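Morning, everyone. Please bring the structure up on your screens, and I'll walk through it.

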Amino acid sequence: MDLIVFYLFATLAVIAALGVVALRNPVHAALCLAVVFISLAALYVLLSAPFVAAAQVMIYAGAILILFVFVIMLLSPGVDQGAGALKWQRPLAAVFGLALAVELILVLASAVLPAARGQYTPERLAQIGDVQAIGALLFTDFLLPFEITSLLLLVAMVGVIVLAKKRVRS
Amino acid sequence: MPIDYLPILVMVVVVIAFAAIALTFSALTGPRRPNPSKLSPYESGMPPFGSARRRISIKYYLTAVLFILFDIEIIFFYPWAVLFRQLQLFGLIEMAVFVIVLLVGYVYIWKKGGFDWD
Amino acid sequence: MPDAQTLTLISPELLLSIFGLLILLVDVIWREKSQSALPWLAILGFALALAATLYIWGSNISLFAGMYMVDMFSLFFKVVASLAGILITLVSIDYLRQRTPYRGEFFAIFTFSILAMMLVASSASLLMIYLSIEFLSYTSYLLTGFLREDKKSNEAAIKYFLYGAVTSAVMLYGLSLLYGVTGSLNLTDIAAAFSATVDSTVRMIALVSTMLVLAGLGFKISLVPFHQWAPDAYEGAPTPVTAFLSVGPKAVGFAALLRVALTALPQWVLPAPPPAPVKEIPLVLAVVSIITMTLGNLIALRQTNVKRLLAYSSIAQAGYMLIGVVAVNLTGNSPFSGLNGILIYLFAYLFTNLGAFICVIAIENATGIVEIPEYAGLVKRAPLVAALFVIFFLSLAGIPPTVGFIGKFFVFGAALREGWLYLAAIGVINSVISVFYYFAVVRQAFFEAPKDATPIRLAPLVTLSLVVSAALVLAFAIYPQPLLNLAAWSMGMVK
């Protein structure tokens with residue numbers, strides 16, 4: 001059952017991701033991106049991480065995608081007309097991209113990642129709750145990254161004012 | 001457990017089915033007598049003018065970015081609120097530091113007029 | 001709960017965070033009245049952070065569940081970061097005055113970017129490495145595009161950002177593979193997991209993920225083929241920011257590279273005793289190093305804009321430094337361990353390259369000139385700047401008696417010791433090539449007639465930072481012992 005759901009959403013995610021790259025109309029690409037985000041949220045649920053799934057839907061599908069659409073409306077770029085001045089760039093990119101894909105598939109297909117399983121098995125998560133598990137780690141061991149995140153957000157706030165705010169009274 | 005999400009799946013299926021049925025059924029059975037005013041985008045409404053693909057002001061972008069930033073902040077609040085009792089005083093201090101840093105940002109945006117529309 | 005000892009050990013970072021916040025607040029509360037005080041507040045922050053770093057000098061401890069290492073290696077980079085912060089702030093004061101109304105924000109973001117450098121240097125977990133590198137990247141993008149009215153600055157920031165976003169995504173994928181294969185974010189645990197297994201697929205995944213991580217770090221260091229952003233970003237960014245980009249991200253990029261290579265992947269990186277063949281990762285790095293040096297130097301020969309020239313020169317310099325990573329060998333007590341070579345080189349490069357950029361800033365501030373042909377007759381217009389240009393270029397080319405020579409000596413020495421003869425040879429040939437373009441600038445400055453002979457007046461702060469950097473370049477060359485000791489101590493790390 002889980003496997004069927006996984007393949008369903010994994011296929012959906014891959015197809016939509018191809019759509020993001022391949023579609024010429026940026027609004028369509030953005031809609032595909034929404035499908036990618038939601039499929040990924042479904043995969044996170046399968047991995048017993050519903051909190052991450054909820055965050056994915058709220059932040060990525062909810063906020064970041066809106067920002068993308070705003071930027072598209074801001075620039076109103078129209079429909080991509082295809083290759084620009086550097087005509088040889090696309091075939092070259094295809095060759096290198098394919099090479100990388102083959103390499104990764106060869107490496108990853110031959111191995112089941114042998115990492116030891118951590119202490120948070122799906123059963124244990126179901127028992128203590130995944131939000132509790134995340135919170136307990138986030139606010140103890142991962143204290144430093146957590147506080148740095150706030151500085152990162154602050155820099156982003158200052159940055160958006162500096163770059164995007166119309167001239168302030170001064 | 002994934003099985004807990006079955007209702008969402010059921011709802012998605014119902015929504016798609018409802019839309020499909022409603023559209024096909026009315027297309028098959030409804031009478032079709034088009035006239036120009038019926039075919040306009042808003043019947044009895046304002047006639048649309050200009051392109052929908054015009055550029056919008058960068059002010060929306062500012063709002064959207066600020067929304068994302070505070071949205072991310074709230075995501076961090078949720079596990080903290082769930083664990084509030086367990087984390088005790090230390091958790092409170094931790095979150096206070098986090099919030100104070102963001103509060104500096106808030107004051108900054110406010111003073112620089114980031115919340116003013118003009 | 002972090003105790004008082006932990007707080008002391010992260011005091012440089014705490015001080016910089018507090019000063020960054022303080023600058024922002026002072027700026028919004030007192031506005032114009034505070035403008036002239038803000039850079040000095042930043043400098044005070046850097047000076048206190050430097051003092052705090054020296055106060056905890058000699059610590060060797062891992063904090064926050066092994067995520068954060070406060071060891072001599074990271075403290076070395078914290079010294080580099082604070083010094084770079086002080087020098088660059090000094091030269092930004094005059095530069096920014098006419099160019100942007102957002103000076104308070106500039107110094108706040110700049111303080112945070114120095115903080116991010118310190119965080120990268122101490123990170124010992126994949127999560128912290130990624131987070132702090134992103135932190136450094138965001139601040140760098142902002143600083144690059146800081147001149148909103150200037151199209152070139154915008155273009156620079158966009159190019160830098162797009163390149164950075166893609167390489168950071170690739171790096172993140174590599175990090176996720178490393179995590180997937182070892183089940184740990186902690187670099188020491190990753191090393192333990194790797195040495196516990198003999199599975200050959202694990203080796204393949206380790207190699208592939210290292211290459212992916214190298215994309216992200218190579219972007220920070222500006223290694224070929226992740227260098228294309230550098231010339232445009234360097235040219236368009238406000239020149240003090242260019243000076244920062246050429247030393248800051250590069251230095252801590254090397255810090256992260258060394259930390260990952262030596263702590264998490266020692267068995268793929270450190271050489272085995274002689275009969276064993278050369279390992280793949282050093283081999284790849286050697287090829288990258290050769291291409292980086294050669295390409296950087298050859299393209300630099302054709303540049304006419306001094307900022308672009310220094311951009312390509314700094315790409316080439318990254319290639320020289322990478323030789324130290326290729327030839328790293330921590331066994332025995334040799335003075336040529338590769339690692340100390342990189343540290344000495346980085347320290348030398350810090351003052352030399354900053355000095356060269358301060359020369360550019362001094363002239364750009366007074367006249368707006370950045371094209372090399374317009375440097376004609378500089379010696380008559382600004383004799384001090386012209387003379388110091390020679391010193392900094394000598395040091396960049398690695399010619400004694402400058403500190404750049406000492407850096408190259410130890411890096412190439414390590415390559416010779418480890419049997420990378422052709423690598424050292426190519427490095428030397430490249431250094432010779434670099435003399436041509438460095439001295440094309442000097443030739444313009446000294447032997448061409450000036451079109452406009454009005455003397456260039458230098459701002460006192462810029463002159464001060466120029467003289468300080470030049471003095472350090474010469475002083476460490478004549479009496480390098482403190483620098484050698486510093487590098488030797490800092491190696492007592494990575495384990």
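One term before we start: a residue is buried if 20 or more other C-beta atoms lie within 10 Å of its own, exposed if 12 or fewer, and partly exposed in between. By that rule, buried residues make up 24% of the 170 residues in chain A.

What you see is a predicted model. Its scores are ipTM 0.90 and pTM 0.92. For chain C, the mean pLDDT is 89. There, 98% of the residues reach 70 or more. Keep one caution in mind: where pLDDT is low, predicted coordinates should not be read in detail.

Chain A, then. How many helices and strands does its secondary structure come to? The count is 7 helices and 0 strands. Read from the N terminus, the order is α-α-α-α-α-α-α. Now take the contacts in chain A with a separation of 6 or more: residues 24 or more positions apart account for 52% of them.

Next, the side of chain A that touches chain B. The contact draws 40 residues from chain A and 40 residues from chain B. Which helices of chain A each supply at least two residues to it? They are helix 1 (2-22), helix 2 (26-46), helix 3 (50-75), helix 6 (130-138) and helix 7 (143-164). Helix 7 gives the most, with 13 residues. By type, this side of chain A splits into 32 nonpolar, 4 polar and 4 charged residues.

Now turn to chain C. Here 24 residues of chain A are in contact with 34 residues of chain C. On the chain A side, helix 4 (89-109) and helix 7 each supply at least two residues. Helix 7 of chain A gives the most to this side, with 12 residues. The residues on this side of chain A divide into 18 nonpolar, 4 polar and 2 charged. So much for the contacts.

On to the backbone of chain C. Some background: most residues other than glycine have a negative phi, and most peptide bonds are trans. Against that, look at two cis bonds. The peptide bond from C:Val224 to C:Pro225 is cis, with omega near 5 degrees. C:Pro225 sits in the loop between helix 9 (200-221) and helix 10 (229-236) of chain C. The bond from C:Pro400 to C:Pro401 is also cis, again with omega near 5 degrees. C:Pro401 is in the loop between helix 17 (383-397) and helix 18 (403-417) of chain C.

Now phi. C:Ser222 is not a glycine, yet its phi is positive, about 60 degrees. It is found in the loop between helix 9 and helix 10 of chain C. Is C:Ser222 buried or exposed? It is buried, because 29 other C-beta atoms lie within 10 Å.

C:Ala65 has a positive phi as well, near 55 degrees. Its place is the loop between strand 1 (61-63) and strand 2 (68-70) of chain C. C:Ala65 has 15 C-beta neighbours inside 10 Å, so it counts as partly exposed.

Why does C:Ala471 class as partly exposed? Because it has 13 other C-beta atoms within 10 Å, and the exposed class takes 12 or fewer. Along the chain, C:Ala471 and C:Gly58 are 413 residues apart.

Notes. Residues numbered from 1 in each chain as written. Chains lettered and ligands numbered in written order. Predicted model: local features only at pLDDT ≥ 70, side-chain atom pairs only at ≥ 80, totals over all residues. Contact = placed C-beta atoms within 7 Å. Helix = DSSP H or I, 4+ residues; strand = E, 2+ residues; numbered from the N terminus. Nonpolar A, V, L, I, M, F, W, Y, C, P; charged D, E, K, R; others polar. pLDDT = per-residue confidence, 0-100.
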